[in-house]
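Subject: Structure for you to look at

Hello,

Here is the structure I promised to pass on. Please open it beside this email and follow along.

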Amino acid sequence: MDAFGFSVSVTYPNIELLEIGYSLKELNRVLQDEIINKPMETLKLAIPSGIYTLQNNLLYVALSNLDAATYQVTYQLKVLTTALFSVTMLGKNLGVYQWLSLLTLMAGVALVQWPTDTPEDPKKEISAGSQFIGLIAVLSACFSSGFAGVYFEKILKGTKQSVWIRNIQLGLFGSVFGMMGVYVYDGQRVADHGVFQGYNKFTWIVVILQALGGLVIAAVIKYADNILKGFATSLSIILSTLISFFWLQDFVPTSVFFFGTFLVIVATFLYGYEPKDTTDLSRA
């Protein structure tokens, strides 16, 4: 009996190692078949990945040339651009109540994120030329955000490849474009101190949470759509702000914040509202 127990305890880890080896082999086969052997399918993800990278740079330009209030209000136009691209590219039908809810959502998110800090130093003067550049940058970011999101949704729903494979493809191009930006702007610092300079455990926690959030967003886009993702993102902003108030205690909500929260909640319910068919009622 002891000998039998010993043999089981020896062979069981071997079985686990075989299973792990088989899983890695299977993963390697899937990546080979779905990514390397299908270059055209993989290259499709270069478009949204490149646009997302461009969008991040546009937002940086916008923040450098606009005051916070103008930036927050203007950037919420991405809610409408996403809806417009959903209608034109995916053939989605939106009723009057849906469009009204999107306008309400845009206003609500802008109010929730409305800047409350009032610095004592006088504000730096922003020239008309700089404001124009900032507006062009933020409007371009709105349209690029809407197009990239809807394009990614169309790819996810129009092919048989899984969400996991599509995320890997998107991540591959995102890593390439991101590293190009790092070496263009901070190449010398990276050469001197490495890519992970300044990283600590909290940084890695944020990275992991962002990665998990990306997987969840991809699933939402595939099984729902970009518009509903916008509502979920808006509610998450409110939740994050409440966590900052109750847990971190570094935020004091204002009446503007509460009114914006009210508008977001109203918009969420309004988007799913379906008016009763009056023709059926009249016949009854």
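Leaving aside neighbours within four places in sequence, which residues is Tyr52 in contact with? They are Ala148 and Gly149. Keep in mind that this is a predicted model.

Tyr52 itself sits in helix 3, which covers residues 46-65. Look also at Ser145. Along the chain, Tyr52 and Ser145 are 93 residues apart, yet their C-alpha atoms are separated by 7.0 Å. The cut-offs are under 20% for buried and over 50% for exposed.

Now the whole chain. It has 12 helices and zero strands. Of its 284 residues, 29% are buried. Take the contacts with a separation of 6 or more: 81% of them join residues 24 or more positions apart. The accessible surface is about 18,700 Å², and carbon and sulfur atoms hold 68% of that.

Next, helix 10. It runs over residues 226-248, 23 residues in total. At 1.5 Å a residue it should span 33 Å, and its end C-alpha atoms are 31 Å apart, so the two values agree. At its start, a side-chain oxygen of Asp225 comes within 3.1 Å of the backbone nitrogen of Ile227. After the helix comes Gln249, with a positive phi near 55°.

Which residues of helix 10 are buried? They are Asn226, Ile227, Phe231, Ser234, Ile238, Thr241 and Ser244. An α-helix has 3.6 residues a turn, so residues three or four places apart point the same way.

Best wishes

Technical notes
Residues are numbered from 1 along each chain as its sequence is written. This is a predicted model: local features need pLDDT of at least 70, side-chain atom pairs count only at pLDDT 80 or more; totals for chains, interfaces and linings use all residues. Side-chain values use heavy atoms; hydrogens and water are left out. Helices (H or I, at least four residues) and strands (E, at least two) are DSSP runs, numbered from the N terminus. Contact means heavy atoms within 4.5 Å. Buried means under 20% relative accessible area, exposed over 50%, partly exposed in between (1.4 Å probe, protein chains only). Accessible areas come from the Shrake-Rupley method with a 1.4 Å probe; for residues, only the protein chains shown count as cover. The expected span of a helix is 1.5 Å times one less than its number of residues. A polar contact is a pair of N or O atoms within 3.5 Å; within protein, one must be able to donate a hydrogen and the other to accept it, and residues adjacent in sequence count only if both atoms are side-chain atoms.
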